[in-house]
Amino acid sequence: MNVFNRRNFLRNVSLGSMAAISIPNIVTAAVAVEKSKKIGLKKEGIILFQGDSITDAGRKRDNNEPNNSAALGSGYALMAASGLLRRNADKNLKIYNKGISGNKVFQLAERWDNDCFAIKPDVLSILVGVNDYWHTLNGNYKGTVQTYRDDYNKLLDRTRQQLPDVQLIIGEPFAVKGVSAVDDKWYPAFDEYRVAAKEIADKHQAIFIPYQAIFDKALQSAPGAYWTGDGVHPSVAGAQLMAEAWLQCIK
């Protein structure tokens, strides 16, 4: 290893160690979940992660086993599930990931009977919205923020009718500006989807995870490319950041 490569290696190790150590502090500083609003897990509880590619994270879609690493993917859902299972070994939890890459809200709705109601989750976590905006930029989708809001509200109304006692977690759509796919043309329009997600969470008594604030705070510890490869999909460190935030929603 030459001097230049050794210096880069040492710098990256130092940066990675710093970011890893500070992850809980980053999340705590950005998230203020009231204890009274945290979710309690019951014995034999079923937890379902839903969303797009950020949730999907390369999961094996033909594997429907709960608590299976291949079925949970390689992202924040796997990391959060690992933490839940470690902390709650006495509860015999069953955790599923049914995120599908590229999905927008209406596509979740199209598969909701099989990928939500058939599972009968006690805790339902949804992260969706970035594609509802991103796909409008290439002209392949004509939806608006009002489409997103209407579709999401209809989906959650339907969910409450079928699963009246389900505990909801809604993740905020987020993007890290200046990293690959995310540039000035995203703004201010994309911010409207973030606002809509918060309004929807409030309307449906869901716990809201402010992922944008979390990633913004993380930029104080390491550059955007450390946390996400393209401004949308988290790196390993970014996924751990998300999982930490998710776990802080649980009692």
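Modeller: One point to begin with is Asp 56, which is buried, at a relative accessible area of 3% (buried means under 20%, exposed over 50%, partly exposed in between, with a 1.4 Å probe and protein chains only). The model is predicted, so local features need pLDDT of at least 70 and side-chain atom pairs count only at pLDDT 80 or more, whereas totals for chains, interfaces and linings use all residues. Residues are numbered from 1 along each chain as its sequence is written, and side-chain values use heavy atoms, with hydrogens and water left out.

Colleague: Which residue forms a salt bridge with Asp 56?

Modeller: A salt bridge requires a side-chain nitrogen of Lys or Arg within 4 Å of a carboxyl oxygen of Asp or Glu. Here the closest N and O atoms are 2.6 Å apart. The partner is partly exposed, with a relative accessible area of 45%; it is Arg 61.

Colleague: Are Asp 115 and Arg 111 buried or exposed?

Modeller: The side chains of Asp 115 and Arg 111 meet in a salt bridge, at 2.9 Å from N to O. As for accessibility, Asp 115 and Arg 111 are both buried.

Colleague: Which residues are linked with Asp 191 in a network of salt bridges?

Modeller: Asp 191 and Arg 194 meet through their side chains at 2.8 Å, N to O. They lie three residues apart in helix H9 (residues 189-203) and are therefore separated by about one helical turn; helices are DSSP runs of H or I, at least four residues long, numbered from the N terminus. Arg 194 is partly exposed at 22% relative accessibility, and Asp 191 is partly exposed at 26%. The residues linked with Asp 191 in the network are Glu 172 and Arg 194.

Colleague: How many salt bridges does a search of the whole structure find?

Modeller: Side chains of opposite charge can pair when their charged atoms come close. Among the pairs found is Arg 61 with Asp 56. For the whole structure, the search gives eleven.

Colleague: At what angle do the axes of H4 and H12 cross?

Modeller: Axes are lines fitted to C-alpha atoms over the stretch in contact, and angles run from 0 to 180 degrees between N-to-C directions. Helix H4 (residues 76-87) and helix H12 (residues 236-247) have axes that come within 8 Å.

Definitions and conventions
Helix = DSSP H or I, 4+ residues; strand = E, 2+ residues; numbered from the N terminus.
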